[in-house]
Amino acid sequence: MATARKRRKEPLKGWAQRLNISVPTLMKLEKGDPTVSMGVYVTALWLINRQQALGQLADPANDIEALENEVSSARARHRRGKADA
């Protein structure tokens with residue numbers, strides 16, 4: 001977010017005002033602090049026209065851990081099926 005703000009030549013104070021947050025909160029957001037509310041992150045993404053990134057984050061096809069679990073389960077079922085044969 002800091003890079004996006006800087007590329008737009010926006011000062012911290014101006015960007016914070018646009019987001020309706022304090023400068024310290026904006027600094028936390030730019031550092032990735034998890035205490036900043038999701039709403040602030042969403043608004044910041046909207047300001048830079050990147051709100052579509054949220055859909056990509058939530059897309060099940062991008063959930064690598066869940067996909068790995070499904071593959072492991074399928075392999076285990078396959079092994080059990082061979083043992084039964």
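Me: How many salt bridges does the count come to here?

Reply: Residues are numbered from 1 along each chain as its sequence is written, and side-chain values use heavy atoms, leaving out hydrogens and water. A salt bridge is a side-chain nitrogen of Lys or Arg within 4 Å of a carboxyl oxygen of Asp or Glu. By this rule, the count is two.

Me: Which residue forms a salt bridge with Glu 30?

Reply: Look for a pair whose closest N and O atoms are 2.6 Å apart. The pair links distant parts of the chain, 25 residues apart: helix α3 (residues 23–31) and helix α1 (residues 2–7). Helices here are DSSP runs (H or I, at least four residues), numbered from the N terminus. The partner of Glu 30 is Arg 5.

Me: Is Arg 5 buried or exposed?

Reply: Buried means under 20% relative accessible area, exposed over 50%, and partly exposed in between (1.4 Å probe, protein chains only). Arg 5 has a relative accessible area of 8%, so Arg 5 is buried.

Me: And what is the distance between the closest N and O atoms of Glu 10 and Arg 18?

Reply: Arg 18 is partly exposed, with a relative accessible area of 45%. Its closest N and O atoms in the salt bridge with Glu 10 are apart by 3.1 Å.

Me: Which helix has the lowest mean pLDDT among the elements of the chain?

Reply: For the chain, the mean pLDDT is 89, and 96% of its residues reach 70 or more. Where pLDDT is low, the predicted coordinates should not be read in detail. Helix α3 has the highest mean, 97. The lowest mean, 80, belongs to residues 52–58, which make up helix α5.

Me: Where is Asn 20, whose phi is positive?

Reply: Most residues other than glycine have a negative phi. Asn 20 is exposed, at 71% relative accessible area. As for its place, Asn 20 is in the loop between α2 (12–19) and α3.

Me: Where is Asn 49, then?

Reply: Asn 49 also isn't a glycine, and its phi is positive, about 60°. Asn 49 is exposed, with a relative accessible area of 53%. You'll find Asn 49 in the loop between α4 (38–47) and α5.

Conventions
Helices (H or I, at least four residues) and strands (E, at least two) are DSSP runs, numbered from the N terminus. pLDDT is the predictor's confidence in each residue, from 0 to 100.
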